[in-house]
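I opened the notebook to record what I looked up in this structure, taking the chain as a whole before turning to single residues.

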Amino acid sequence: MNVKEFIIRSYEGQSDRVQVEDLERRCKVGQSESVLDTMGDPICRIRNSPMYKMLVAEQNNELVGVIQGSIKMVILNSHEPPKDLAKVGYVLGLRVAPHYRRKGIASSLVQRLEEWFRSNGVEYSYVATDKENHASLTLFMDKFCYTKFRTPAILINPVNYHHLFRISSNIEIARIKIEKAESLYRRFMGSTEFFPSDIENILRNNLSLGTWVAYFKGDNSFGPNGQVPNNWAMLSVWNSGEIFKLRLGKTPLSCLLFTKGCSLIDKMFPCLKLPNLPDFFDPFGFYFMYGMYHEGPFSGKLVRGLCKFVHNMVAKSKDENCKIIVTEVGGRDHDLIHHIPHQKLLSSPDLWCIKALKNEGTNTCHELTLTNTPSKSLFVDPREV
């Protein structure tokens with residue numbers, strides 16, 4: 001079958017929606033064979049981005065492939081101020097129907113999306129993938145010359161609706177206004193790798209449930225002239241479950257054994273209140289903690305307090321569609337992993353790959369990959385989760 005028989009075109013909502021949703025259901029992703037339920041809106045994962053596009057591959061009126069992309073301005077530390085802002089394109093949602101793979105469809109979709117990036121002045125294109133997804137790595141790294149960029153950790157914590165975490169009585173947690181949150185983010189995370197220039201749009205989005213800060217009682221509080229406590233932490237929460245649901249096709253054996261073991265012990269000794277893994281075979285949503293920042297020698301305890309607070313907030317809401325709380329940390333924030341409650345069996349490393357679409361001046365990936373050190377934090381945009 002020749003690739004020229006396929007047509008690559010823009011997604012048309014009215015006529016393509018049903019076929020794209022069917023294609024999504026047939027294309028199971030990752031070792032867990034997860035399935036994405038977009039709840040009637042196939043472009044839900046990119047709709048909140050400043051610019052976005054979906055392309056489809058069609059043959060004989062059948063959609064056999066799809067890809068999505070978004071464009072935004074972010075901080076890149078390879079650039080020098082005031083040129084530290086770069087326009088980047090994010091590649092996501094690449095799917096090809098099982099019987100049409102290895103026919104050049106995925107390559108054609110990526111190529112056309114990169115053309116759209118270039119036509120809009122994008123300097124860098126990047127993709128996040130599972131390091132075990134060899135087909136994806138071969139496509140992007142070998143064929144399209146993407147380079148390994150960052151390896152953040154995805155941390156997942158199941159929600160226990162029957163148990164609330166105890167938060168230390170000497171920790172003060174307060175919700176702050178959007179204007180204050182934007183000010184703090186720009187001041188303290190403005191130089192963070194991939195910090196979005198439109199942070200205010202993220203904070204004001206209806207999916208962003210709020211921003212909270214934590215500090216120790218008796219410590220200096222947040223003052224009117226920009227004073228901050230000696231130790232403090234901050235994070236925001238994004239309700240991904242409002243726009244799409246996930247469902248696992250299969251659960252790793254280690255998770256099944258853990259669940260059965262905990263369930264048995266919990267029946268024998270309920271006072272222990274052991275964690276239980278939720279049923280991931282039914283569609284479920286999740287909360288994503290983003291913009292996590294901490295400062296001070298004891299701020300790790302405050303991060304843990306904030307994470308517990310978010311868990312309790314979900315548990316008290318009784319919204320059992322939200323089964324997990326997710327965050328992603330990279331760079332110097334890797335030292336926070338032992339402060340963030342998570343299940344090691346569910347958590348995994350992520351792999352970001354990047355490619356320079358322009359080669360003028362210093363605009364290459366060489367500087368970016370050289371800065372792959374733990375000295376820089378990484379901002380994970382909740383709109384791209």
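The entries below go from the overall fold to the core, then to one helix, and then to the salt bridges.

**Entry 1: the chain overall.** I noted at the outset that this is a predicted model. I counted 8 helices and 16 strands in the protein chain, and I found that 51% of its 385 residues count as buried. I then looked at contacts between residues at least 6 apart in sequence, and 79% of these join residues at least 24 apart.

**Entry 2: the nonpolar cores.** I looked up which residues of the largest nonpolar core touch the most other members, and of its 86 residues these are Val91, Ile105, Phe117, Tyr185, Phe194, Trp232 and Met234. Strand 4, residues 62-75, gives the most to this core, with 7 residues. I also wrote down a second, separate core of 25 residues, which includes Met289, Leu306, Ile325 and Leu336.

I then followed Tyr185 and left aside its neighbours within four places in sequence. Its contacts include Gly190, Phe195, Ile199, Leu203 and Thr211, and I also listed Met234, Leu235, Ser236, Tyr290 and Gly291 as contacts of Tyr185.

**Entry 3: helix 4.** I took this helix next, as Tyr185 is one of its buried residues. Helix 4 runs over residues 178-189, and its 12 residues reach 15 Å from the first C-alpha to the last, close to the 16 Å expected at 1.5 Å a residue. Which residues of helix 4 are buried? I found Ala181, Glu182, Leu184, Tyr185, Phe188 and Met189. They cover an arc of only 165° around the axis, and therefore lie on the same side of helix 4.

- Glu24 forms a salt bridge with Arg95, and their closest N and O atoms are 2.7 Å apart. The pair links distant parts of the chain, with Glu24 in helix 1 (residues 13-26) and Arg95 in strand 5 (residues 85-96), 71 residues apart. Both Glu24 and Arg95 are buried.
- Lys355 forms a salt bridge with Glu114, with the closest N and O atoms 3.0 Å apart. Here too distant parts of the chain are linked, as Lys355 is in strand 16 (residues 351-356) and Glu114 is in helix 2 (residues 105-119), 241 residues apart. Lys355 counts as buried because its relative accessibility is 13%, and Glu114 counts as buried because its value is 3%.
- Arg204 and Glu179 meet through their side chains in a salt bridge of 3.5 Å, N to O. Arg204 lies in helix 5 and Glu179 in helix 4, so this pair ties together parts that are 25 residues apart in sequence. Arg204 is partly exposed, with a relative accessible area of 46%, and Glu179 also counts as partly exposed, at 47% relative accessibility.

Last, I noted one network in which salt bridges that share partners join Lys72, Asp198, Asp381, Arg383 and Glu384.

Key
Residues numbered from 1 in each chain as written. Predicted model: local features only at pLDDT ≥ 70, side-chain atom pairs only at ≥ 80, totals over all residues. Heavy atoms only, no water. Helix = DSSP H or I, 4+ residues; strand = E, 2+ residues; numbered from the N terminus. Buried < 20%, exposed > 50% of the residue type's maximum accessible area, 1.4 Å probe, protein only. Contact = heavy atoms within 4.5 Å. Core = buried A, V, L, I, M, F, W, Y, C linked by side-chain atoms within 4.5 Å. Expected span 1.5 Å × (residues − 1). Arc of directions from axis to C-beta. Salt bridge = Lys/Arg side-chain N within 4 Å of Asp/Glu carboxyl O.
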